[in-house]
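Please open the model in a viewer and keep the selection panel at hand.

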Amino acid sequence: MRAARLHVPGTPFVVEDLPTPVPGPGQVLIRIGGAGACHSDLHIKAGDLPGLPLPQTLGHENAGWIEAFGPGADDQGFEIGDAVAVFGGWGCGHCRLCLGGHEQLCDTLLWGGMGPAGGYAEYLLVPSTRQLLTLGGLDPVLAAPLTDAALTPYSAVKKALPLLVPGTSAVLIGAGGLGQYGIQFLKMLSPATVVVIETDPAKRKLALSLGADVTIDPRAGDADDEVRAHTGGDGAAAVLDFVGIDATMALGVAALRPQGVFVLVGLAGGSVPFSFFGVAAEASLTMSNWGSRNELEEVLSLAQRGDLVSNIEQHPLSAINDVFDRLDRGLIAGRAVLVP
Ligand SMILES: [Zn+2]
Ligand SMILES: [Zn+2]
């Protein structure tokens with residue numbers, strides 16, 4: 001099969017021929033229909049994930065069709081040819097996180113594409129049918145990014161939902177691939193006023209079309225004051241930061257009202273001071289790391305109902321290096337999906 005592998009961090013992917021994997025006990029072989037090109041793979045490609053085995057096939061946002069079952073995997077409700085989304089946060093399957101339904105928090109190096117081979121290839125070996133969800137008529141190209149680009153903001157929004165009662169506001173920072181889904185989930189699941197902070201005018205326009213109530217350009221005027229003016233004066237009940245640099249974290253934490261929550265999603269590596277008198281009373285600071293298998297089922301059901309707007313461009317797997325170059329330069333407005 002054709003696969004795009006990273007041999008040396010910081011160098012381009014190499015598209016090459018590899019043996020097609022044969023599923024072992026309990027495993028399932030998926031023929032890839034689409035694999036989302038995720039921004040986090042830029043970090044991994046640059047060498048930011050210690051312990052990553054090399055060479056490595058990256059790609060953790062996958063959907064396609066069941067090609068073959070390993071022994072014991074063929075009697076668990078799926079058939080050859082079924083269209084499926086792959087839940088990518090694979091774990092050991094038997095620790096308290098995995099058994100508690102948060103397999104994605106078990107061990108990052110067990111995730112497909114970060115230890116085991118991922119989906120920038122013609123075929124993907126999945127450890128268990130528990131990581132498969134039926135697509136119910138969704139196109140695999142459209143479904144692939146839902147497994148991360150939509151699941152991650154969905155899980156972040158759910159963490160904030162208990163605070164987003166009528167009359168409150170939510171601030172979302174960064175309306176890129178993930179933030180665009182985040183805006184939709186906030187509007188769909190909460191009555192809060194949604195304030196979007198974004199530097200790119202095209203993305204601010206897109207944010208409004210996706211339901212944002214207000215957009216703010218943080219580079220124009222005093223962003224703190226502007227956020228305050230649009231969050232009812234006492235601040236935001238929740239802030240979701242899809243960027244995660246020092247400046248966005250400082251802006252976000254300053255925007256919180258007492259008992260508000262700041263949810264860090266962006267992987268840019270920033271930090272923010274958190275002190276007794278430095279932040280709103282009883283504010284909390286948390287992060288959201290991907291989402292659970294059951295949350296993915298919820299995301300897919302919203303997509304199946306036609307409730308999600310996806311901004312997707314499709315490219316052949318052979319163009320992976322061009323796609324990652326454009327991703328690196330911020331030239332992909334929504335999500336790019338690689339098709340083998
Ligand atoms: Zn990702
Ligand atoms: Zn586990």
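Predicted model: local features only at pLDDT ≥ 70, side-chain atom pairs only at ≥ 80, totals over all residues.

C38 sits in the loop between β3 (28-37) and α1 (39-45), and D148 in the loop between α3 (140-143) and α4 (151-160), so the pair ties together parts that are 110 residues apart in sequence. Show the surface here: C38 is buried, with a relative accessible area of 5%, and D148 is also buried, at 7%.

Which residues coordinate the zinc ion (ligand 2)? The SG atoms of C92, C95, C98 and C106 do so, at 2.3 to 2.4 Å. The sequence spacing of these donor residues is C-x2-C-x2-C-x7-C. Display the angles at the zinc ion (ligand 2): the 4 donor atoms subtend 106 to 115°, and the arrangement is therefore tetrahedral, since every angle falls between 85 and 135 degrees.

C98 counts as buried at 10% relative accessibility. C95 is partly exposed at 22%, as is C106 at 23%, and C92 is partly exposed with a relative accessible area of 29%. With the cysteines still in view, note that a search of the whole structure finds 0 disulfides.

Is the peptide bond that joins them cis or trans? The bond is cis, with omega about -10°. P55 belongs to the loop between α1 and β4 (56-57).

Proceed to helix α7 (residues 223-230). At the start of α7, a side-chain oxygen of D222 comes to within 3.0 Å of the backbone nitrogen of D224. Beyond the helix, select G232, which follows α7 and has a positive phi near 70°.

The last stops concern positive phi values in residues other than glycine. Then select E282, another residue other than glycine, with phi near 55°. Where is E282 found? E282 lies in the loop between β13 and β14 (284-287). With a relative accessibility of 61%, E282 counts as exposed.

How values were computed. Residues numbered from 1 in each chain as written. Chains lettered and ligands numbered in written order. Heavy atoms only, no water. Helix = DSSP H or I, 4+ residues; strand = E, 2+ residues; numbered from the N terminus. Buried < 20%, exposed > 50% of the residue type's maximum accessible area, 1.4 Å probe, protein only. Donors = N, O, S within 2.8 Å, 3.2 Å for Na, K, Ca; no water. Tetrahedral: all angles 85-135°; square planar, octahedral: opposite > 155°, others 65-115°. Polar contact = N/O pair within 3.5 Å; in protein donor to acceptor, adjacent residues only side chain to side chain. Disulfide = S-S within 2.5 Å.
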